[in-house]
Each structure stands twice: as C-alpha cells, then as structure tokens.
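Work through the exercises below with the sequence and the model side by side. Each task is followed by a solution in steps.

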Amino acid sequence: AGVVEPQETVSVELESGRTVKEVQVKTGDQVKKGQLLFEYDLSSIQESLEEAQLDLDRLKNEASSLNERIATLEKEKKKASQDNQLSYIEIETNKMNLKKNEYSQKSKQAEIDKLQSATGNTEVRSSIDGVIQKIDTSKLTTEDNSSVDDTDSGDSSQSDDSSSGGSNAFITILSTGAYRIKGTVNELNVNSIVE
C-alpha cells in the first residue's frame with residue numbers, strides 16, 4: 001500500500017511587508033512554468049521607499065552637523081589649556097555618534113536598494129508546471145483588513161491532508177508529470193514490490 005504523490009511541491013511565500021494586489025489563479029487551476037500567479041501592490045512599497053529616503057536625508061544632515069561640531073571642538077581644544085580635557089571627551093563622543101550615523105546610513109541605503117529592486121519585481125510567476133493545491137487566503141487581506149476568499153471550496157478536502165506544503169506558503173503548487181509512490185517497505189513485502 002502506498003500513496004501516489006507529485007515528485008515536487010513548490011511553496012510560494014509572500015515577501016514580508018508587501019501586500020498582494022491581485023491573485024490570477026485559484027485552487028485547482030493548472031499552471032505552466034512562467035505563468036503569472038499574483039502581483040504585489042506597488043503603493044505600499046512607494047510609501048516605504050519615500051519614508052526610507054527621508055530617513056536617509058535626515059541621517060546625512062545629522063552627520064553633517066556632527067562633522068561641524070567635531071571641527072568646532074577641535075579648534076576650541078587647540079586654544080584651550082592642557083588641563084581642560086572635557087572638550088576632548090565630547091569630541092570622542094561625537095566621533096562615536098558619527099560612526100553610528102555612518103552605519104545607520106549604510107543600513108538605510110541597503111533598505112532603499114531593496115525597496116527599489118522590489119518596485120521592479122511586482123509579478124510572481126510559477127517555477128514549475130503543476131496544479132494549484134492551496135491558496136492561503138488568511139495571508140491575503142484587502143484595504144480594510146477583511147479576508148478575501150477566492151479558493152474553490154470543493155477542493156478543501158485535498159488541501160487539508162497535505163503535509164508537504166510549508167506553513168508560511170501563500171500558494172502551494174503540486175508538480176505534474178513526475179510522480180512517486182510513498183509507502184512502507186519491510187521484510188514481509190519487499191519481494192512483492194515491482195515497478
């Protein structure tokens with residue numbers, strides 16, 4: 001006794017922080033490799049990109065202010081007596097803050113680059129020929145956060161006993177064409193197994 005199952009199961013996950021604009025398939029649909037599955041909404045990315053750009057500009061202004069402050073303190077230190085070392089401590093503190101600022105700028109620039117690449121990558125396509133086994137509509141919400149249900153209710157029994165699909169998968173695709181038999185082999189039935 002065994003179970004016939006697809007050779008491959010592909011789980012398509014949603015990228016964090018992105019919302020789905022439109023799903024082009026439904027449960028039970030046959031899909032070809034390269035076929036459009038869904039599109040991401042670009043408006044949320046644009047907002048995040050503008051916000052990140054503003055943060056980067058703020059960090060650059062902060063760095064400029066810190067550099068000016070360090071230069072001013074360096075001049076004051078040259079004029080001050082040897083006993084007055086408080087300004088030296090403030091210089092080091094500002095230099096440390098400048099290093100933190102530079103790191104924050106690099107992080108923010110990396111975030112901006114990632115968001116910019118995401119703006120050009122709004123379509124998600126199938127990587128295999130197969131059948132849509134499951135669409136997790138709990139991950140799909142509209143503007144008012146109400147759930148959208150576009151699955152075929154007749155196929156719900158198929159998707160319930162699937163253990164191969166990942167829990168984070170938005171869409172699960174079963175490959176077609178190549179199958180395998182999954183079962184238990186022991187010393188009693190090993191001789192009865194034939195291709």
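## Exercise 1: Strand pairing

In strand S7, Val 131 is the bridge partner of Gln 30. The model is a predicted one.

Task: Which order do the strands take in the open sheet of four strands, and which are the edge strands?

Solution. 

Step 1. Start from the pair Gln 30 and Val 131. Two bridges join S4 to S7 (residues 130-135), and these strands run antiparallel.

Step 2. The edge strands are S2 (9-13) and S4 (30-31), since each pairs on one side only.

## Exercise 2: The overall layout

Task: How many helices and strands does the protein have, and what pattern do they follow along the sequence?

Solution. 

Step 1. Count the elements: there are three helices and nine strands.

Step 2. Read them along the sequence. The pattern is β-β-β-β-β-α-α-β-β-α-β-β.

Step 3. Residues 24 or more positions apart account for 81% of them.

Step 4. Turn to burial and surface. The protein has 195 residues, of which 28% count as buried. Its accessible surface comes to about 13,300 Å², and 47% of this belongs to carbon and sulfur atoms.

## Exercise 3: The nonpolar cores

Solution. 

Step 1. Find the core. The largest one has 16 residues, and those with the most contacts inside it include Val 12, Phe 38, Ile 132 and Ile 173.

Step 2. Assign the residues to strands. S2, S3 (20-23), S5 (36-40), S7 and S8 each supply at least two residues of this core.

Step 3. Follow one member, Phe 38. Leaving aside its neighbours within four places in sequence, Phe 38 is in contact with residues including Val 12, Leu 14, Val 20, Thr 122, Val 124 and Ile 171.

Step 4. Look for a further core.

## Exercise 4: Salt bridges

Solution. 

Step 1. Check the distance. The side chains of Glu 5 and Arg 180 meet at 2.8 Å, N to O; the cut-off for a salt bridge is 4 Å.

Step 2. Locate both residues. Glu 5 lies in strand S1 (residues 2-6) and Arg 180 in strand S9 (residues 179-183), so the pair ties together parts that are 175 residues apart in sequence.

Step 3. Compare the cover of each partner. Glu 5 counts as buried at 19% relative accessibility, because buried means under 20%. Arg 180, with 39%, is partly exposed.

Step 4. Glu 62 and Arg 58 meet at 3.4 Å, N to O; both lie in helix H1 (residues 42-79), four residues apart, about one turn of the helix. Glu 123 forms a salt bridge with Arg 125, with their closest N and O atoms 2.7 Å apart. Asp 55, Lys 108 and Glu 111 are linked in a network. The count of salt bridges comes to eight.

## Exercise 5: A surface patch

Task: Which residues form a nonpolar patch on the surface with about 350 Å² of accessible area together?

Solution. 

Step 1. The patch is made of Val 4, Tyr 179 and Ile 181.

Step 2. Take Ile 181, which is placed in strand S9. Its relative accessible area is 63%, so Ile 181 is exposed.

Definitions and conventions:
Residues are numbered from 1 along each chain as its sequence is written. This is a predicted model: local features need pLDDT of at least 70, side-chain atom pairs count only at pLDDT 80 or more; totals for chains, interfaces and linings use all residues. Side-chain values use heavy atoms; hydrogens and water are left out. Buried means under 20% relative accessible area, exposed over 50%, partly exposed in between (1.4 Å probe, protein chains only). Contact means heavy atoms within 4.5 Å. Accessible areas come from the Shrake-Rupley method with a 1.4 Å probe; for residues, only the protein chains shown count as cover. Patches are made of residues with over 30% relative accessible area and no salt bridge: like charges are joined within 9 Å, nonpolar side chains (Val, Leu, Ile, Met, Phe, Trp, Tyr) within 5 Å. Two strands pair if DSSP finds at least two bridges between them. A nonpolar core is a set of buried Ala, Val, Leu, Ile, Met, Phe, Trp, Tyr and Cys residues joined through side-chain atoms within 4.5 Å.
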